[in-house]
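Subject: Structure for you to look at

Hello,

Here is the structure we talked about. Please open it and keep it beside you while you read the notes below.

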Amino acid sequence: MMLDAALAYARHGIPVLPVHHPGQDGSCSCGRPDCDRPGKHPRLRHGLTDASTDPRRIEMWWARWPDANIGLRTGIAMDVADVDSATGWHGLRHLLGGAIPAGPQVRTGGGGWHFWFTPTGYGNRVHLLPGVDWRGAGGYVLAPPSRHANGTSYYWVVRPDESCAPAPEALCGLIAGPDPPPAGRDEGGWEPGRSQIVHPDRYAAVALEAETDRVARAPVGTRNDTLNRAAFALGRLVAAGLLDAATATRDLTAAAAWAGLGRTETVRTIRSGLTAGRRAGRGARPRAGRGTEPAPASGRGGGRSGMSLPEIDDHRVA
């Protein structure tokens, strides 16, 4: 059944990858007792990058792992709005003016929803809305009839015979983010030649979004290092009083889970990176508020928080 479904998706031009499956007791086929994403992370060594539409390769994978869940690479044939809570469902419908998204719909094993749209060209967006993530270029989703750790299966509500609809304008605007900043000012409100951050709250929000997005999209082999660097950069903002440590920890943890990192190494790496960043940031702690002059981050960077990263504690486990 799994092989037939995987081949059918491939015939529709959707790259497929085998994903670990849950056992009857909810454990993961990866064998790690501390796995916090049972049945949701790729079996392949290079993960998403090995996804394929080649039927011979797919047959070889499922001959080796006949119970593997089915992962579908997003951003090529479709993007997916991943709704995992009632809050996310109501938030998405509110954004769309009360409408239910048209096109293919999946009920997930965890009780959430996947809404398929034509590709937008954008990458993944973690916490697009509370309870809603966006899976675009560089992402993947599980597909029916994959199984959830709670024993239920993913199933179609509206099958993919229905064409994907374009994402509504309001949703596209949220995915795209704010317009580019005016010339001479970066996304966080930093103006070259000035000695203050014009909008410190926005600066911290942009940095948090950029770092968590980079962690969520980090390739296998770089995930833990990326998480460590992100925690260090955000730790400096925590030291500056521009960002709450609990918020940074929560969002980094969610991004690391999506990237496939285990909880134990995630907790250790975030704690280490934030501590090192806070220690480094205390040497030149900026002051937030009207008329104050926080010290700038070194460098500017399209989408990056622009922090220099000396003396990072390195736990390279990915």
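This is a predicted model: local features need pLDDT of at least 70, side-chain atom pairs count only at pLDDT 80 or more; totals for chains, interfaces and linings use all residues.

The protein has 318 residues, and 48% of them count as buried. Its secondary structure consists of eight helices and nine strands. The exposed surface comes to about 15200 Å², with carbon and sulfur atoms supplying 50% of that area.

Next, helix α1, which covers residues 2-11. Which of its residues are buried? They are Met-2, Ala-5, Ala-6, Leu-7, Tyr-9 and Ala-10. An α-helix has 3.6 residues a turn, so residues three or four places apart point the same way. Just after α1 comes Gly-13, with a positive phi of about 85 degrees.

Then the aromatic rings. Six aromatic pairs turn up in a search of the whole structure. One of them joins Trp-113 and Phe-115, whose rings are stacked, 5.8 Å centre to centre and with 5 degrees between the planes. Both Trp-113 and Phe-115 are buried. Together with Trp-89, these two residues make up a cluster linked by ring pairs.

Last, find Trp-258. The charged end of Arg-135 sits over the ring of Trp-258, 3.2 Å from the ring centre.

Regards

Definitions and conventions. Residues are numbered from 1 along each chain as its sequence is written. Side-chain values use heavy atoms; hydrogens and water are left out. Buried means under 20% relative accessible area, exposed over 50%, partly exposed in between (1.4 Å probe, protein chains only). Helices (H or I, at least four residues) and strands (E, at least two) are DSSP runs, numbered from the N terminus. Accessible areas come from the Shrake-Rupley method with a 1.4 Å probe; for residues, only the protein chains shown count as cover. Rings of Phe, Tyr and Trp (its six-membered ring) pair if their centres lie within 6.5 Å; planes under 30 degrees apart count as stacked, over 60 as edge-to-face and the rest as tilted. A charge sits over a ring if NZ of Lys or CZ of Arg is within 6 Å of the ring centre and within 35 degrees of the ring normal.
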